[in-house]
Amino acid sequence: MAMLQNFSSFHQSMKITPFKIHMIFTCCVKPRKHYYHSFQISSKYTQKLVLEFDPKIPIEEATTPPSSWYTDSCFYTYELNRVFFKGWQSVGYTEQIKEPRQYFTGRLGNFEYVVCRDDGGKIHAFHNVCRHRASPLASASGKNSCFVCPYHGWTYGLDGALQKATRITGIKNFRVNDMGLIPVRVAVWGPFILLNFENGVLPEEEADIDLVGNEWLGNSSQILTDGGVDSSLSFLCRREYTVECNWKVYCDNYLDGGYHVPYVHKSYASVLKLDSYSTTILEKVSIQRCDAEKDQEFDRLGSKPALYAFVYPNFMISRYGPWMDTNLVLPQGPRKCLVIVDYFLDSSHKGDESFIAQSLEDSETVQIEDMKLCEAVQRGLESPAYCSGRYVPQVEKAVHHFHSLLYESLSK
């Protein structure tokens with residue numbers, strides 16, 4: 001921004017009529033030579049790590065990715081750009097912004113974002129960064145008619161347009177249309193809100209639901225709908241867990257076809273028919289199913305097979321009995337992730353407090369057991385004694401599929 005020429009104008013403010021944002025301008029800065037050189041070295045290094053895994057080798061003969069995929073800070077940064085900042089990412093659910101003017105915020109890597117519903121009911125998403133001095137505009141969640149920057153009071157409408165810039169009398173070459181919030185592509189599938197952080201998306205561009213479903217879920221879209229993954233269930237509660245492990249460790253654990261269940265979740269294993277476990281591999285989704293034992297004293301799993309869907313790269317949907325819970329695994333660094341668990345319940349059980357309390361307690365037990373296991377695995381991955389492991393073909397097809405998708409993203 002140009003410097004102010006008349007300091008007496010600091011006592012004034014200018015109100016700006018909202019305009020629709022039509023263009024996004026980005027700044028390009030030529031990197032210093034030493035920075036560019038170090039970037040080239042880092043890129044070659046990470047590409048070398050990627051090639052240490054070969055997805056073409058059959059699972060019966062393959063080794064897992066090297067431990068550096070789970071511990072190396074350069075690989076982690078490379079991974080964020082190649083895996084998370086391309087394609088659709090689940091960030092929340094529609095009940096968070098059920099009413100006009102509601103919003104919620106989040107962070108993925110170094111991307112701060114805000115999702116809101118305007119007075120007309122339209123959903124918008126933006127980078128949660130003021131165009132003046134980069135302060136985040138909103139925090140947590142809430143309800144507001146506009147976003148006011150807590151730093152200098154710049155105000156934006158729920159459509160992202162700049163409405164007010166304080167004390168800017170005397171500024172030159174200031175174009176309102178260029179100073180709105182930077183939009184992020186947003187879409188809804190079922191109860192889930194998705195964002196796409198890729199560049200080159202027009203602000204006015206509407207996301208086609210069928211196209212988004214195909215890009216995000218591929219052929220599994222109808223399978224999940226038929227399995228009860230839809231908007232008919234009501235949101236109940238959210239729990240968050242900070243886990244001291246690489247995000248992929250947590251995903252690997254979810255995908256092992258119940259291999260760890262009898263050893264780690266003894267109580268949970270007692271109500272499952274583990275020999276009924278099956279895994280279906282689709283484009284970007286793997287679906288595991290398992291039957292529950294009959295005549296349980298406490299039946300939260302229901303009579304139909306439980307469905308456990310993993311949506312690449314970091315979203316898990318568990319549908320069983322009257323319940324659906326989702327796990328969103330957010331990278332927080334090479335050795336840390338945040339797991340956000342949202343619980344949804346069929347309305348017929350909303351008044352059964354004892355059933356809800358017991359179900360959530362059982363789920364919490366499983367979560368804590370998984371956390372302890374994943375943190376222990378991370379410590380093992382740091383050991384110089386371990387480099388790569390092997391797959392157990394009978395149960396770890398989904399793990400191999402996940403690693404193969406990662407390779408595909410990282411090698412593009």
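The legends below describe close-up views of a predicted model.

**View 1. Phe 192 and Phe 315 form an aromatic pair.**
The ring centres of Phe 192 and Phe 315 are 5.2 Å apart and the ring planes stand at 80°; planes over 60 degrees apart count as edge-to-face, so this pair is edge-to-face. Phe 192 belongs to strand β11 (residues 192-196) and Phe 315 to strand β16 (residues 315-320), so the contact ties together parts that are 123 residues apart in sequence. Both Phe 192 and Phe 315 are buried.

**View 2. Five aromatic residues form one cluster.**
The members are Phe 84, Trp 247, Phe 310, Tyr 312 and Phe 402. The model has a count of 22 aromatic pairs.

**View 3. A lysine sits over a tyrosine ring.**
The charged end of Lys 248 is 5.0 Å from the centre of the ring of Tyr 70.

**View 4. Seven strands make an open sheet.**
The strands pair in the antiparallel sense, in the order β12-β18-β17-β16-β15-β14-β13. Strands β12 (234-243) and β13 (272-281) each have a single partner strand, so one side of each has no neighbour in the sheet. On average, neighbouring strands are turned by 15° against each other, direction ignored.

**View 5. Strand β12 pairs with strand β18.**
The antiparallel pairing between β12 and β18 (residues 336-345) runs over 9 bridges. Ser 234 stands opposite Leu 345 of β18.

**View 6. Helix α10 packs on the sheet.**
Helix α10 (residues 397-410) touches β13, β14 (285-292) and β15 (306-311). The direction of α10 makes about 30° with that of β13.

Note on methods
Residues are numbered from 1 along each chain as its sequence is written. This is a predicted model: local features need pLDDT of at least 70, side-chain atom pairs count only at pLDDT 80 or more; totals for chains, interfaces and linings use all residues. Side-chain values use heavy atoms; hydrogens and water are left out. Rings of Phe, Tyr and Trp (its six-membered ring) pair if their centres lie within 6.5 Å; planes under 30 degrees apart count as stacked, over 60 as edge-to-face and the rest as tilted. Helices (H or I, at least four residues) and strands (E, at least two) are DSSP runs, numbered from the N terminus. Buried means under 20% relative accessible area, exposed over 50%, partly exposed in between (1.4 Å probe, protein chains only). A charge sits over a ring if NZ of Lys or CZ of Arg is within 6 Å of the ring centre and within 35 degrees of the ring normal. Two strands pair if DSSP finds at least two bridges between them. Axes are lines fitted to C-alpha atoms, for helices over the stretch in contact, and angles run from 0 to 180 degrees between N-to-C directions. Contact means heavy atoms within 4.5 Å.
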